Amino acid sequence: MTTSEPFLKFGTKFAVPRRAVGVEKRDDGVFCVTMDDGDIVCAKAIVVATGVQYRRLPIDRLEDFEGIGVYYAATEAEARFCGETEAVVIGGGNSAGQAAMYLSRTAKNVHILVRGTSLASSMSDYLLSRLEADPAITIHYRTELTGLHGGDALEKVTIRDKAAGQDWTVNSRAVFVMVGAAPNTGWLTGLVDLDDRGFVITTGGGHETSHPGIFAVGDVRSGSVKRVASAVGEGSVVISKVWGHVHA
């Protein structure tokens, strides 16, 4: 069996890896999803659980160091790589601030790179005051990451001070990119309503979309709590709603 062929488990067919590129609704109400290899899968209902894709920075060798120096989450697993090194957090939102606070417990120092001149409009006052009071955290305004350097793993980074027009380096084995994420909703082809950021808008209990028969759960859903536990819970609850729609 090749990886593109479906396999059966608990009465459900799985096909890995496959990518949906479009969806249409037939006159009889059945949805047909087109895959990237041209295959078409049809069903009476669709659950959209495509999550989000973290935004990447346009920097050379970024992909080379993803997972071995460049990270998009700051959990206990990533924090292990911050011991005895300078950590760099890129972003000006609450997620970046929370990551910096967490990483400061293990890193020698945490550098927060902010493109703007202030965090007042993008971060809560309470979090900002904690960052400014922490001696292990340094906030650099009007700065950006411009280079990643190393062999088999990240060793140091180049940072540009845009105000002074100068570059400087930091010996760092851990860079955390916290510049937001984009939902994977382009394939929905206008069948459902999206918010201004492209997340699926849901109503009627939080799982139904604007188009009957299409449901959304997890990170892709507008207003959802971006946590794994929340996504798993929504995925469990939505099945009863799908059952009700299919057998209506």
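Student: What makes β13 and β14 a pair of strands?

Tutor: In this predicted model, strand β13, residues 154-161, and β14 share five bridges and run in the antiparallel sense. Pairing asks for at least two bridges, so five bridges qualify β13 and β14 as a pair. Within the pair, Asp-161 stands opposite Gln-166 of β14.

Student: Why is β14 called an edge strand?

Tutor: The open sheet here has three strands in the order β12-β13-β14, with antiparallel pairing. Its edge strands are β12 (143-150) and β14 (166-170), each of which pairs on one side only. From one strand to the next the twist averages 25°.

Student: What is the order of strands in the open sheet that contains β4?

Tutor: That sheet has the order β3-β4-β5, again three strands with antiparallel pairing. The edges are β3 (20-25) and β5, each pairing on one side only. Here the twist averages 20° from one strand to the next.

Student: How do you know that β4 and β5 pair?

Tutor: Four bridges join the two strands, which run antiparallel. The rule needs at least two bridges, so β4 and β5 pair. Phe-31 stands opposite Ala-43 in β5, and Cys-32 stands opposite Cys-42 in β5. The hairpin of β4 and β5 has four residues between the strands, and Gly-38 there takes a positive phi near 95°.

Student: Why is the link between Cys-32 and Cys-42 called a disulfide?

Tutor: The sulfur atoms of Cys-32 and Cys-42 are 2.2 Å apart. The cut-off is a pair of cysteine sulfur atoms within 2.5 Å, so Cys-32 and Cys-42 meet it. By this rule the count comes to one disulfide. The pair links distant parts of the chain, ten residues apart: Cys-32 is in strand β4 (residues 31-35) and Cys-42 in strand β5 (residues 40-43). With 105° about the S-S bond, the link is right-handed.

Student: What is the relative accessible area of Cys-82?

Tutor: The value is 0%. That is under 20%, so Cys-82 is buried.

Student: Which residues have the most contacts inside the largest nonpolar core?

Tutor: They are Val-89, Val-110, Leu-131 and Phe-176, in a core of 24 residues. At least two residues each come from β9 (86-90), α3 (94-103), β10 (109-114), α4 (125-133), β11 (137-141) and β15 (174-177). The largest share, five residues, is supplied by α3. Apart from this core lies another, of 17 residues, among them Ile-59, Val-70, Leu-113 and Val-175.

Student: What does Leu-131 touch?

Tutor: Residues up to four places away in sequence are not counted. With those set aside, Leu-131 touches Gly-97, Ala-100, Met-101, Ile-112, Met-123, Ile-137 and Ile-139.

Student: Why is Thr-209 called buried?

Tutor: Thr-209 has a relative accessible area of 7%. Buried means under 20%, so Thr-209 is buried. The residue is found in the loop between β16 and β17. Leaving aside neighbours within four places in sequence, Thr-209 is in contact with Val-192, Val-200, Ile-201, Thr-202, Thr-203, Ile-214, Phe-215 and Ala-216.

Student: How do you know that the side chain of Thr-209 makes a polar contact with the backbone oxygen of Ile-214?

Tutor: A polar atom of the Thr-209 side chain lies 2.7 Å from that oxygen.

Student: What makes Asp-193 partly exposed?

Tutor: Asp-193 has a relative accessible area of 45%. That lies between 20% and 50%, so Asp-193 is partly exposed. The place of Asp-193 is in the loop between β16 (181-183) and β17 (214-216). Not counting residues up to four places away in sequence, Asp-193 touches Phe-199, Val-200, Ile-201 and Ser-210. Asp-193 and Thr-50 are 143 residues apart in sequence and, C-alpha to C-alpha, 16 Å apart in space.

Technical notes:
Residues are numbered from 1 along each chain as its sequence is written. This is a predicted model: local features need pLDDT of at least 70, side-chain atom pairs count only at pLDDT 80 or more; totals for chains, interfaces and linings use all residues. Side-chain values use heavy atoms; hydrogens and water are left out. Buried means under 20% relative accessible area, exposed over 50%, partly exposed in between (1.4 Å probe, protein chains only). A nonpolar core is a set of buried Ala, Val, Leu, Ile, Met, Phe, Trp, Tyr and Cys residues joined through side-chain atoms within 4.5 Å. Contact means heavy atoms within 4.5 Å. Axes are lines fitted to C-alpha atoms, for helices over the stretch in contact, and angles run from 0 to 180 degrees between N-to-C directions. A polar contact is a pair of N or O atoms within 3.5 Å; within protein, one must be able to donate a hydrogen and the other to accept it, and residues adjacent in sequence count only if both atoms are side-chain atoms.
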